[in-house]
Every structure is written in C-alpha cells, then in structure tokens.
Amino acid sequence: MYKIIRKEVLAPTMKLIEVEAPEIAAKVLPGNFIIFRIDEKGERVPLTVADFDRNKGTITLIFQEVGYTTKHLGRLEVGDALLDLVGPLGEHLPVEGYKKVICVGGGSGTALLYPKAKAFHEAGAEVLTITGARTQELLILIDELKAASNELFIATDDGSFGHHGFVTDILQELLEKHKDVDEVVAIGPVPMMKACAELTKKYNVHCVVSLNSIMVDGTGMCGGCRVIVGGETKFTCVDGPAFDGHQVDFDDLMRRLVYYREHEARVQEHHECCGGKGGDCKCH
Amino acid sequence: MPLKPTKTPMPEQDAKERITNFTEVALGYTEADALAEAERCLDCKNPLCKQGCPVEVPIPEFIREIKQQNYSEAVNILKSKNNLPAICGRVCPQESQCEQYCVVGKKNEPVGIGRLERWVADWDMARDMQTEPVKATKGRVAVVGAGPAGLTAAADLVRMGYKVTIFEAFHEPGGVLIYGIPEFRLPKKIVKREVDYIRQLGAELKLNYVVGKTKTIDELFADGYEAVFVGTGAGLPKFMGIPGENLNGVYSANEFLTRVNLMKAYRFPEYKTPVQVGKRVVVVGGGNVAMDAARTALRLGAESYIVYRRAEEQMPARLEEVHHAKEEGVQFKLLNNPIEIIGDDKGEVVAIKCIAMELGAPDESGRRRPIEKAGSEWIMEVDNVVIAIGNSPNPLIPKSTPDIETTKWGTIVTKDEDGLTTKDGVYAGGDIVTGAATVIEAMGAGKKAARAIDKYLSSKK
Ligand SMILES: Cc1cc2nc3c(=O)[nH]c(=O)nc-3n(C[C@H](O)[C@H](O)[C@H](O)COP(=O)(O)OP(=O)(O)OC[C@H]3O[C@@H](n4cnc5c(N)ncnc54)[C@H](O)[C@@H]3O)c2cc1C
Ligand SMILES: Cc1cc2nc3c(=O)[nH]c(=O)nc-3n(C[C@H](O)[C@H](O)[C@H](O)COP(=O)(O)OP(=O)(O)OC[C@H]3O[C@@H](n4cnc5c(N)ncnc54)[C@H](O)[C@@H]3O)c2cc1C
Ligand code: SF4
Ligand code: SF4
Ligand code: FES
C-alpha cells in the first residue's frame with residue numbers, strides 16, 4: 001500500500017497528493033510517469049510524477065478530476081492509501097545542454113510541465129514559461145513556476161488574469177522576439193499541443209509534447225497506447241510519453257481518447273446508484 | 001477386462017449455456033471417472049508417454065497410485081516434477097506432448113493423462129493443506145517475472161534453500177495465466193492457489209515492480225542478489241501493418257484479454273475497466289490466443305469470427321480449443337487474410353476487407369505458404385477487430401542491461417541448455433528465450449535454470 005501523506009486542493013477540480021513510494025522516488029526523473037490503482041476493482045490510470053523527494057521517499061502527483069477514477073482519487077484523504085503504484089515508467093526527458101527553452105502548459109498540463117521546467121532550469125537553461133487556463137481560479141502552481149523560470153507569462157481564456165486569450169498567442173510573441181530558442185516544451189490539452197506544434201514548425205523550432213494516451217499496463221505489453229508519430233506506430237508508454245510534436249498525428253490521438261466516453265458515463269451511474277455498498281463510495 | 005477404446009469423457013458445461021458465462025467449460029472428472037480412466041493405463045515398463053512431457057512427469061507412477069486410491073502419493077509424485085499440475089492438466093497441449101506418445105494411442109485413444117493430472121491436483125487443492133516454509137540457508141536469488149517460468153524457478157530455488165524474491169510488473173502474479181488465458185479455461189482461483197503455495201514455501205513476491213525501470217538487473221546485484229533468473233515472457237503485441245489498425249475498436253489480443261481477464265471488464269461497471277465489444281467481432285489469427293479472444297468475444301455478447309490465412313490443419317491452436325470454439329458458435333473464415341480495416345468519420349471500425357488465400361509450396365517453417373488469390377477481395381461489416389498474430393519478447397530488460405545479448409527477434413541469447421545468458425550470474429527461460437511457446441515448456445526452462453543457478457552459486461562458495 002502507498003500512503004497519502006499530504007493533500008492540497010489547487011483549484012476546484014485540481015488536486016495534489018504526496019504519496020509514500022520510496023523505490024519510485026529513488027529512481028524517478030522528470031518526464032517519467034506512474035500507474036496507480038486505488039483498489040481491487042479500480043482501473044489502472046497513468047499520472048506524471050510532478051515532483052519527488054528522494055530523502056523522504058515520496059512522489060507528488062497533480063491531477064485533474066475528469067472521470068470516475070480521478071474523482072475517486074480526489075476524495076481520498078491524508079492517511080488513505082493506494083493499492084497499487086508502479087513506476088517510474090516511460091522515457092525521461094533529456095534536459096542537459098539547452099541554453100534557452102520555452103515551456104508551455106495548458107490546464108492540468110501545467111502540472112506535467114512543472115517538473116520539466118524545473119529540471120531545465122536546474123540544468124542551467126534560461127527558461128521562459130507560459131501557463132494558461134480557462135479562468136483565473138484554474139491557474140495552478142504559479143509560485144512554483146515563478147521559482148523555476150526566468151520569466152513567467154500567464155494567459156486566461158476569459159481574461160480574468162494575465163493575457164486575455166490563448167497560451168499560443170504568447171508563444172508566438174516569444175518566438176518572434178527570441179530567435180535563439182533551442183526547444184519548446186508544450187503540455188496540455190491535445191488541441192493546445194497541436195497548435196503549439198504547428199506554430200513552432202513555422203519558426204523552425206524543435207517542439208516536444210507529452211501525450212496522454214489511454215493506457216493499461218504501461219510496459220509495452222498491450223499496445224492500447226499506440227500513437228502515430230512520423231507515420232509509424234509507437235507505444236506512448238515505452239517510446240514516450242514525450243515525442244517530437246512536429247511528427248505526432250494529433251487527430252488520431254484525439255479520436256482514440258474519446259473511445260470509452262459512453263462507458264465512462266456508465267461507471268458514473270453505477271457509482272451513483274450503489275449507495276455506498278461498493279465500499280469505495282465516499283460521496284454519499 | 002478389455003481396454004476401453006476411448007477416453008472417459010470429460011463432463012462439460014453445455015455449449016449454449018456456457019457462452020453466457022465465464023465459468024469453467026470443462027468440469028473435471030469425478031473420482032469414479034478418474035478410476036475408470038486410470039485403468040486404461042498399461043503401466044508400461046518403458047513408458048513412452050514420459051518422453052513427450054517436457055518436465056518428465058513420472059506418468060505411470062502417478063497413475064498407479066490413482067488406481068490404488070493412494071491419492072496423496074499421486075500428488076507427491078506429480079509435484080516432484082511439476083509445480084503447477086492443476087494448471088498443466090488444464091492447458092498443456094497434451095495431444096502433441098505426453099498423450100501423443102502413449103502406446104494406447106497407437107490403436108485407440110491415448111490415456112487421458114492431462115485429465116488425470118488435473119483430477120489429482122484438484123483433489124489435492126480441495127484438502128487445503130498448509131505448506132511448511134523451507135528454511136533459507138543459502139544465498140539470495142532474484143526472479144524477474146511471475147509467469148510459469150519464474151514461478152517454477154522460484155519454487156525450486158526456495159526448496160533448495162535459497163532466499164528468493166520474485167519481481168512482477170503487474171499487480172497480480174501469474175503472467176499469461178492471469179492476464180491471457182481466460183477464466184472459462186483456467187479459473188484464476190487455481191492460479192492464486194498455486195501462487196499461494198509458492199509464497200508459503202517462503203518465496204517473497206514484489207508486485208508493481210518493473211525490472212529495468214524500478215530497478216535494473218545491475219542494481220539488483222548491487223542490492224545483494226547473487227544470481228538472477230529472467231522469465232519476462234513474450235509480451236509485445238505484433239500488429240499487421242495494414243491500413244486502419246489504429247482505428248477505435250481495433251485491439252491487440254493482449255489488450256483485449258488483459259482488459260477482460262486481469263482487469264475483469266466482463267464485470268463492468270462493477271469493475272471499472274471498460275472493454276468495447278459491438279455486435280460483430282473478427283479475431284485475426286489461428287493460435288490459442290485467437291481462440292481465447294474469439295470465445296471471450298462470444299461471452300461478451302458478440303457474433304464472433306476467426307479470420308486465418310492458412311487452413312484448419314495448419315492452425316497452431318490446440319485441437320480441443322478449436323473444437324470448443326466451433327461448438328460455441330465461433331465462425332471460421334479460413335484461408336483468408338485481412339488487408340484493410342475500414343472506419344467511419346468518427347474513427348471507429350465499421351468493416352474489414354479481406355482477401356482469399358491459397359496454399360503454395362512449404363516455407364521455412366515447413367508449413368505451406370499462403371498466397372493471395374488475385375481479385376478475391378471481400379468486405380464484412382464488423383464493430384471490432386482483435387489482432388492475435390503473435391507476440392514478440394518484451395525489450396525492457398535487454399534495453400536496460402546492454403550486456404545481455406538478444407537475437408534479431410529480440411529473444412534473449414542463452415549459451416547453454418540451462419539458460420545462462422551472456423551476462424555472468426543471469427539466467428533466462430520461457431517465452432523470453434523461445435518466443436511464444438507453452439506453459440509447460442516455460443516451466444521446464446525454469447526448472448533447468450534453477451538447477452544451474454544452484455550449481456553456479458555452490459561452485460562460487
Ligand atoms: C503518461 C500520462 C501521464 C499523465 N499525467 C497526468 C497528470 O499528471 N495529471 C492529470 O491530471 N492527468 C494526467 N494524465 C491523464 C490521466 O491519465 C487521465 O485524465 C485519466 O486517465 C482519466 O481517468 P478517469 O477514470 O478519471 O477518467 P476516464 O473515466 O477514463 O475519462 C474521463 C474523460 O476523460 C477522457 N480521457 C480518458 N483518458 C484520458 C487520458 N489519458 N487523457 C485525457 N483524457 C482522457 C475520456 O474521454 C473521458 O471523457 C496522464 C496521462 C498519461 C498517458
Ligand atoms: C491467450 C493465451 C493463451 C495461451 N494458451 C496456452 C495453452 O492453452 N497452453 C499452453 O501451454 N500455453 C498457452 N499459451 C502460452 C503460454 O501461456 C506461455 O508460453 C507461457 O505463459 C510463458 O511463460 P513465461 O513464464 O515465459 O512468461 P509469461 O507467462 O508471459 O510471464 C511473464 C511475466 O513477467 C512479467 N514481466 C515482464 N517484464 C517484466 C519486467 N521487466 N519486470 C518484472 N516483471 C516483468 C509479466 O508481467 C508476466 O507476468 C497461451 C498464451 C496466451 C497469450
Ligand atoms: S505436464 Fe503436461 S505434458 Fe507433462 S504429463 Fe502433465 S499434461 Fe502431459
Ligand atoms: S504410455 Fe500410455 S499406457 Fe503406457 S504408461 Fe504411459 S500413459 Fe500408461
Ligand atoms: S499501455 Fe499497454 S503498451 Fe502502452
């Protein structure tokens with residue numbers, strides 16, 4: 001069992017938990033993810049390791065409540081434990097040898113972006129970070145990102161804070177102004193990553209994106225996480241999750257992400273009607 | 001008493017009934033059935049059957065004990081060579097192993113060795129005996145992968161006095177026995193019992209542990225393990241490389257079976273992992289994996305088809321599985337090969353395009369090579385396609401341990417019969433060495449490696 005020792009509510013549907021997992025904490029690098037299962041009947045769900053403490057033997061996860069499992073996770077409290085936690089999975093992101101990097105995070109993608117921005121910064125690169133959300137109360141990790149960046153830019157769709165508009169507006173300005181950027185890292189909703197990839201292609205700047213395919217095992221065994229990159233089929237869990245954004249077939253990824261939408265609704269209904277009998281209902 | 005020409009029949013769930021549930025198809029012998037079948041064994045002086053068993057189970061010896069109703073002695077004899085008799089009795093391809101060599105089989109049906117093995121093992125389980133742990137007096141050995149190869153190596157090493165830790169990537173031990181072979185062919189509680197037995201012997205199990213990621217093999221040595229056995233299986237699904245394979249509704253057999261078996265999607269939404277099965281499912285392939293997927297699809301309510309590019313005689317699946325599949329209503333489109341999967345504007349599968357095949361001259365595998373018949377394309381409406389054309393070995397370990405050499409197919413190179421790899425102290429066996437094979441062969445490899453590890457560590461002292 002993997003005990004939760006800290007919990008924070010970052011935004012209404014965005015939570016942070018710190019979990020005891022000494023063997024993962026000892027090995028994890030920025031860009032790696034874990035797969036957890038809350039209980040015997042639960043689904044296996046991937047989350048990026050947002051931060052870690054090798055001395056304490058803990059890892060930090062930040063997640064957006066989108067469906068049954070992430071909402072269930074959001075109801076757990078300090079002292080509760082996860083049944084299964086496996087990792088660190090995936091290839092980590094190389095951060096050495098870069099001089100100037102732009103990090104772009106959208107929505108919950110900002111949580112996935114933060115460890116990478118921090119790693120680039122610690123490796124000596126100049127880091128320009130852009131974060132965006134639909135509205136001000138959904139902005140997360142602002143102080144952390146400030147500390148991990150040379151400059152931080154903020155955008156909200158509704159203009160309630162910072163730039164009124166999309167993160168890509170700011171990205172375009174920065175690409176115009178800084179001709180010496182070695183790399184753009186973009187993590188967020190698929191349409192945002194797609195837009196960043198298209199923009200950087202115009203400016204001929206390399207762009208790394210982190211894909212969030214639906215996964216089962218996370219070790220290359222099922223092929224469920226397959227994506228098309230450069231015309232070839234790749235497995236996100238072992239070949240990624242980071243890929244060259246200019247090569248990714250985002251439309252294919254978007255189609256694959258919605259496949260279980262109807263099932264998702266059925267799990268929710270089942271949950272609502274089980275009256276706490278399942279033992280995993282904490283909402284009643 | 002004249003010999004009965006046919007095997008004592010195996011009681012089974014009726015085909016119409018069983019496609020509505022996931023409980024076991026073959027119900028197992030009664031004591032009377034077992035005694036009747038045991039009588040058919042001639043107790044040969046030179047038992048040929050034994051040659052056909054990869055782990056050399058003392059077949060006439062255990063059958064002799066059944067005849068005399070010394071069942072616990074029969075169990076001991078079986079277990080002296082086979083750690084997992086309840087499993088082998090169910091899933092061994094006996095018709096091409098032990099039973100193929102049985103002399104009774106020359107004129108009549110061979111002795112039902114597998115059925116007897118299963119009955120003895122089930123009798124033993126029903127007794128619910130506690131196993132005494134074995135005291136660890138020797139060094140520490142790491143076993144990677146809790147499939148049949150790893151579990152067997154671990155059990156033997158524990159019995160020899162080693163302190164053994166098994167590292168398993170999944171949240172449940174058993175390998176293909178848990179995530180691949182369906183409940184209706186191998187109930188998971190049987191696998192759990194066998195694993196519990198190995199635990200009781202004293203092996204330690206570390207689940208959720210991906211060697212190569214959580215720790216590398218070199219790090220395991222640094223932690224004090226003196227030898228390592230790698231039994232990580234052939235878990236990388238192959239795709240066909242035809243248009244439409246990434247459409248929603250196309251599964252690898254691994255994903256389809258893992259969702260249903262390991263994650264229990266057949267009990268969705270009580271269990272939270274979904275599997276999407278429409279009205280009609282096509283499974284591509286002709287092996288055990290394809291049969292399992294097709295029969296699983298039936299039980300999830302679909303019309304189920306097998307598309308296979310060769311003829312029935314060339315199908316690698318066990319006869320019994322093909323027979324069961326037909327009985328249940330799986331439809332076979334033999335000598336056909338898919339060339340395209342067709343989707344709608346939402347990116348979901350709506351049809352499959354196949355081409356008819358004919359058999360030409362034998363290829364390097366000795367089987368006649370299938371050749372496309374020009375102009376014979378046809379299209380069938382389908383909702384799901386499951387690709388079951390085989391698995392390659394999982395590359396995680398070789399990738400993280402460069403001094404373990406692999407072949408061009410990705411299997412681990414072994415320097416001798418015992419499974420010694422190109423790295424000192426590291427042995428390997430099972431599907432990771434042979435490519436996809438059988439449960440009993442994986443167990444045989446685990447046994448040999450355990451003996452070799454014992455020799456290696458004893459000589460080091
Ligand atoms: C390598 C990797 C790292 C990830 N890291 C994080 C992270 O750090 N924080 C975080 O909040 N999320 C992360 N995700 C996404 C997260 O795994 C999904 O949000 C989660 O699987 C949803 O599970 P659920 O049961 O709550 O929702 P589901 O019930 O599975 O789905 C709810 C809705 O979300 C959509 N959906 C399903 N799976 C995904 C998915 N993988 N990505 C996006 N939408 C999906 C469905 O279409 C559905 O409409 C990561 C995904 C991957 C592959
Ligand atoms: C659907 C299906 C049906 C089959 N039916 C039959 C049958 O009827 N009869 C028969 O004899 N054979 C059958 N087989 C074949 C048989 O199951 C295999 O040959 C056998 O299981 C191989 O055993 P193994 O121990 O080598 O590997 P596996 O059973 O594959 O076990 C390997 C284990 O290692 C784990 N692992 C992998 N990588 C790592 C890592 N890096 N770190 C830690 N753990 C890791 C895996 O999670 C897995 O649990 C079938 C196979 C399938 C897929
Ligand atoms: S282990 Fe398999 S091959 Fe050997 S005797 Fe038993 S059923 Fe036959
Ligand atoms: S060959 Fe057949 S008859 Fe002879 S001992 Fe073996 S099982 Fe019995
Ligand atoms: S999640 Fe199964 S192969 Fe990637």
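Ala, Val, Leu, Ile, Met, Phe, Trp, Tyr, Cys and Pro count here as nonpolar, Asp, Glu, Lys and Arg as charged, and the others, Gly among them, as polar. With that sorted, the shell around ligand 4 is quick to describe: nine nonpolar residues, no polar ones and no charged ones.

Some ground rules come next. This is a predicted model, in which local features need pLDDT of at least 70 and side-chain atom pairs count only at pLDDT 80 or more, while totals for chains, interfaces and linings use all residues; side-chain values use heavy atoms, with hydrogens and water left out. Residues are numbered from 1 along each chain as its sequence is written, and chains are lettered from A and ligands numbered from 1 in the order in which they are written.

**Ligand 4**

A residue is near a molecule or strand if one of its heavy atoms lies within 4 Å of it. For ligand 4, the residues around it are Cys41(B), Leu42(B), Cys44(B), Cys49(B), Pro60(B), Cys102(B), Val103(B), Val104(B) and Ile113(B).

**Ligand 2**

Over to ligand 2, which has 35 residues around it; Val91(B), Glu168(B), Arg185(B), Val211(B) and Asp431(B) are the closest. By class, that shell splits into 21 nonpolar, 10 polar and four charged residues. Helices (H or I, at least four residues) and strands (E, at least two) are DSSP runs, numbered from the N terminus. Four helices of chain B each bring at least two residues to the shell around ligand 2: H9 (148–159), H10 (176–179), H14 (288–299) and H18 (439–460). H14(B) gives the most, with three residues.

**Ligand 1**

Of the 23 residues around ligand 1, the nearest are Pro46(A), Gln64(A), Thr70(A), Asn212(A) and Glu264(A). The shell holds 14 nonpolar, seven polar and two charged residues.

**Polar contacts with both ligands**

A polar contact is a pair of N or O atoms within 3.5 Å; within protein, one must be able to donate a hydrogen and the other to accept it, and residues adjacent in sequence count only if both atoms are side-chain atoms.

| Residue | Protein atom | Ligand atom | Distance |
|---|---|---|---|
| Ala169(B) | polar backbone atom | nitrogen of ligand 2 | 3.1 Å |
| Gly175(B) | backbone N or O | oxygen of ligand 2 | 3.4 Å |
| Arg185(B) | polar side-chain atom | oxygen of ligand 2 | 2.8 Å |
| Pro46(A) | backbone N or O | oxygen of ligand 1 | 2.7 Å |
| Gly67(A) | backbone N or O | oxygen of ligand 1 | 3.1 Å |
| Thr70(A) | polar side-chain atom | oxygen of ligand 1 | 2.4 Å |

Taken alone, ligand 1 exposes 850 Å², and the protein buries 88% of that. Accessible areas come from the Shrake-Rupley method with a 1.4 Å probe; for residues, only the protein chains shown count as cover. The elements giving two or more residues to the shell around ligand 1 are strand S4 (45–53), strand S5 (58–64), helix H2 (68–75) and helix H9 (261–273) of chain A. S4(A) supplies the largest share, four residues.

Axes are lines fitted to C-alpha atoms, for helices over the stretch in contact, and angles run from 0 to 180 degrees between N-to-C directions.

Helix H3 (residues 59–67) and helix H8 (residues 113–127) of chain B have axes that come within 11 Å and cross at roughly 55°. That makes H3(B) oblique to H8(B), and H3(B) passes H8(B) in a left-handed crossing.

Gln69(B) has a positive phi of about 60° although it is not a glycine.

In chain A, a cis peptide bond joins Gly87(A) and Pro88(A), with omega about -5°; Pro88(A) lies in strand S7 (residues 84–89). The bond from Gly240(A) to Pro241(A) is cis too, with omega near 10°, and Pro241(A) is in the loop between helix H7 (236–239) and strand S16 (242–244) of chain A.

Key: Angles under 35 degrees count as roughly parallel, over 145 as roughly antiparallel, 65 to 115 as roughly perpendicular and the rest as oblique. A crossing is left-handed if the near helix is turned anticlockwise from the far one by less than a right angle, and right-handed if clockwise.
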